[in-house]
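Here is a short report on selected side-chain features. Have the sequence and the 3D view at hand while reading.

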Amino acid sequence: MNANKGLLYYATCFVTGFAILVFELLSFRMLSPYFGNSSIVIGTIINSILLALAIGYYLGGHIADRKKSNDLIYHVIIVSSIYIFLVYLTYPLLLKSIAALPAVLGSLLAIIILFFPPMILLSFVPPYLIKLISSKDDIGISSGRIFSLSTLGSIMGGIFTTFL
């Protein structure tokens, strides 16, 4: 792997980690006017997003073992970006239409519709990148780098969303 490709992969991992936490924090703000911010709603949001991440990590690893393509992760990111843009355009209408549901059911349905697909797609990236950058001898080092960069991206996304 050449240095430019490695830098691009690491930057991609950082940015997707950043985006994951930004969207998770924004989901609290988006849903609270409709369902409140009780621990039940917050727990529903966090656990739903964690489930989406687990699915995305699993799929990313599974598909990486079957198809090694440098372009696939960027197609996945583009699809996620388009989905998030459509969410931005439509979320008030969707949330208004389900606001009468009980808080647990309404917040769960909202998270599944609004954030489940892009979270699955964005969490697809780290395990797929591990496959692209690692060799048999450095899987541990490669996975450590990828997940630490993803986590650092999430930290920066949290700081950015919270304070800016």
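Which residue forms a salt bridge with Lys131, and how far apart are the closest N and O atoms? The partner is Asp65, and the closest N and O atoms are 3.2 Å apart. The model is a predicted one. A search of the whole structure gives 1 salt bridge. Asp65 sits in the loop between α2 (39–64) and α3 (72–98), while Lys131 belongs to helix α6, so the pair ties together parts 66 residues apart in sequence. Side chains of opposite charge can pair when their charged atoms come close.

How accessible are these residues? The table lists both, together with Leu164 from the surface patch described below.

| Residue | Relative accessible area | Class |
|---|---|---|
| Asp65 | 56% | exposed |
| Lys131 | 31% | partly exposed |
| Leu164 | 80% | exposed |

Asp65 counts as exposed because its 56% is over the 50% cut-off.

Ser134 lies between α6 (125–133) and α7. A polar atom of the Ser134 side chain is 2.6 Å from the backbone oxygen of Ile130. Leaving aside residues up to four places away in sequence, Ser134 touches Ile139 and Ser142.

Last, the nonpolar surface. Leu152, Ile155, Met156, Ile159, Phe160, Phe163 and Leu164 make a nonpolar surface patch of about 760 Å². One of these residues, Leu164, is placed in the segment after α7 (139–163).

Note on methods
Residues numbered from 1 in each chain as written. Predicted model: local features only at pLDDT ≥ 70, side-chain atom pairs only at ≥ 80, totals over all residues. Heavy atoms only, no water. Patch = residues over 30% accessible without salt bridge, like charges linked within 9 Å, V, L, I, M, F, W, Y side chains within 5 Å. Areas by Shrake-Rupley, 256 points an atom, 1.4 Å probe, with all protein chains shown as cover. Salt bridge = Lys/Arg side-chain N within 4 Å of Asp/Glu carboxyl O. Helix = DSSP H or I, 4+ residues; strand = E, 2+ residues; numbered from the N terminus. Buried < 20%, exposed > 50% of the residue type's maximum accessible area, 1.4 Å probe, protein only. Polar contact = N/O pair within 3.5 Å; in protein donor to acceptor, adjacent residues only side chain to side chain. Contact = heavy atoms within 4.5 Å.
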